[in-house]
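Please read it with the sequence and the structure side by side.

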Amino acid sequence: MSVATVRWASGPVLRARASGAFRMREAVYVGPRSLLGEVVAVHGDEIVAQVYEDPTGLRPGEEVRGSGSPLGIRLGPGLLGNIFDGLLRPLSGGRSEGRETRAARAPAPRFDFAPVVKRGETLGGGAVLGRVTSAEGRAQDCLVPPHIAGEVTEIVAAGSYDERQTLCRVRSADGAVHEIAMSHFWPVRVPRPVGERLPSEEPLVTGQRIIDGLFPVPLGGKAAIPGGFGTGKTVLLELLAKSCNADVIVYLGCGERGNELAGVLSEFPELKDPRAGRPLMERTVIIANTSNMPVAAREASIYSAATVAEYFRDQGLHVALMADSTSRWAEALREVSGRLGELPGEGGYPAYLSSRLADFYERAARVRTVNGRIGSVTLLSSISPPSGDFSEPVTSHSKRYVRSFWALDLKRAQARFYPAIHPLQSYSEDAPELAGWWDKAFAALPTGAADVRAANEWIELRRRFLTLLDEQVRLERMARIVGKDALPPRQQLALFCAEIVNEGFLRQSAFSEIDWYAGPQRQAAMMRQIGRFIALAERVLAQGVPLARIAALGVLRPLQRMGEEIGEGDAVRFGTLARRVEEEFQALAEQAGARAGEAADVR
Ligand code: ADP
Ligand code: MG
């Protein structure tokens, strides 16, 4: 084992004189408390390490011991339902002990294991070794780690085992014997291998209309959520953790104040998964690295979270990773970089900020796993740009790597218009790929009026809504100069319809009993209703009906309130509303026709 002696320490960064070969990225233990650290630079016989635990009291002369392996975490079935720090140590234990002592004290969780392989069988990386069942009855497969393959020379009988116990021995082609347990070690900075990266034509269904309907993210996609203080980043990420259709949620609270995480920590254990009816925590892993925890560990925490997400992906599951926030992560990077004496770049961040962000986002994907299953990791990360300025480095670099961008707007948040995602500053580059999926959701709706159904209905309605919202900004600017009444009727109607899209479709309260979640069917029904209203309004306006009469239609209010009033699966009430829209417009058109007739008679 290589050993070094601390010569200099500044916050979480230390320099030490080494006697023995240390490797870059090797995990080290520092001082009598065995603080966990990582080698970040090696110059001749000097190493630089960052320490992931509270370095208070660290002083020159103390010993740094190499671990011989890179900084890594243990991945196993015990992760689900638990809360960890940035390096995946359980957060319930004491804070100040070293890693080994703590690990030795915490009993490894036990699970029932039932093997599905026999001695003499040959297994590839990622092959199923057996079935693991937790005390609560949650089951998952136990897989051979992706880098191991060979012939089974020993396998245990079915029974209860702890996570680290050897269950199986495998002899690989080179004769080496590998011991396999339910859990295994993986270096956090190394992405887990995949069979093949696949395109994605299915969205992560979030239940938020502005996201699914206008700016969707595919399974395996990546979205950034920038927003100034108080614009709703945390509420949105927590909401998505509860409502999205991923099989597993990895929630990373990164560098925000502890009370920001309080919602997740106190609420999640109580919540039921609306689909499975089981506690939500059973499919959740929480990684908490709040602002009062060591800054260097925050830097490592997003890699830990990505690694955990990939571990479940390799089981053939769809995983959503919520990171709140990457700005706090970048600040940790900046602080450590400063102490390393590196040359600061833009905004004081190190020059490698961009490539680090790229490495992180690169870990989002829909894949065929090494074992031939389909799984995905979808990344959703919030950004807290100082004073809400989206041109700052973290936001602008993230923009290069994400394909969905949900920009939270201070004005909308101040007007309590939630979610405060700004429809013009946001985008989804993957939307066209998801059209086929949406077509199916629309096709499953009970048919409306004959000319309501259309090919590419979602794409068309989405385009219509976005164009209206875009026009709204332009027309409002004009209306401020010339006055709203001076606009031509068609433009006044556009403003009116944009408001219906905003109020009737985009607005959705996270705290509403009915509307906190809108499933694809309900979203499709609402989109179609609003689209139909707009089409009919345009038609009667062209026939000479004044806007005032359209605005006075009785159906307008129920249309704007349908999100709050018509629940999931209530196709009957959507049908009633649709008929009412048709009838009221029919009446308007007839009156207009009658008036046109009268006018002709007079002439
Ligand atoms: P941030 O994390 O961006 O600083 P928060 O997520 O803590 O902001 O949101 C601040 C407040 O805004 C919340 O406490 C809540 O009252 C309100 N809010 C945010 N998003 C929503 C939403 N989707 N629905 C209802 N209220 C919201
Ligand atoms: Mg927040």
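From which domains does the lining of the largest cavity draw at least three residues each? In this predicted model, the domains that each supply at least three residues to that lining are domain 2 (108-184) and domain 3 (196-383 + 390-428). The points below begin with the chain as a whole, then turn to the cavities and to the nonpolar cores.

**Overall architecture**

- The protein chain is divided into four parts, namely domain 1 (3-71), domain 2 (108-184), domain 3 (196-383 + 390-428) and domain 4 (440-602), and its secondary structure comes to 17 helices and 26 strands.
- Along its principal axes, the C-alpha trace spans about 105 × 55 × 40 Å, and of the 603 residues in the chain 53% are buried.

**Domains 2 and 3, and the cavities**

- Although the C-alpha centres of domain 2 and domain 3 lie 32 Å apart, 12 residues of domain 2 are in contact with 9 residues of domain 3.
- The count of cavities of 30 Å³ or more comes to 2, and the largest cavity has a volume of about 130 Å³.
- This largest cavity is lined by 18 residues, of which L143, H184, R192, Y311 and Q315 are the closest to its centre.
- Strand β12 (residues 139-143) provides the largest share of that lining, with 4 residues, while the lining as a whole divides into 9 nonpolar, 6 polar and 3 charged residues.

**Nonpolar cores**

- In soluble globular proteins, nonpolar side chains tend to be buried together.
- Here the largest nonpolar core has 84 residues, and those with the most contacts inside it are M322, W406, F533, I550 and F585.
- Helix α13 (residues 520-542) gives the largest share of this core, amounting to 11 residues.
- Because domain 3 (196-383 + 390-428) and domain 4 (440-602) both give residues to this core, it lies between them.

Conventions: Residues are numbered from 1 along each chain as its sequence is written. Chains are lettered from A and ligands numbered from 1 in the order in which they are written. This is a predicted model: local features need pLDDT of at least 70, side-chain atom pairs count only at pLDDT 80 or more; totals for chains, interfaces and linings use all residues. Side-chain values use heavy atoms; hydrogens and water are left out. A nonpolar core is a set of buried Ala, Val, Leu, Ile, Met, Phe, Trp, Tyr and Cys residues joined through side-chain atoms within 4.5 Å. Buried means under 20% relative accessible area, exposed over 50%, partly exposed in between (1.4 Å probe, protein chains only). Helices (H or I, at least four residues) and strands (E, at least two) are DSSP runs, numbered from the N terminus. Domain bounds come from an automatic or database domain assignment. On a 1 Å grid over the protein atoms alone, a cavity is a set of points where a 1.4 Å probe fits but cannot get out, and a pocket is an open set with protein on both sides within 12 Å along at least five of seven lines; lining residues have an atom within 4 Å of a point. Grid points are joined across faces, edges and corners, and a volume is the space filled by probe spheres set on the points. Ala, Val, Leu, Ile, Met, Phe, Trp, Tyr, Cys and Pro count as nonpolar, Asp, Glu, Lys and Arg as charged, and the others, Gly among them, as polar. Contact means heavy atoms within 4.5 Å.
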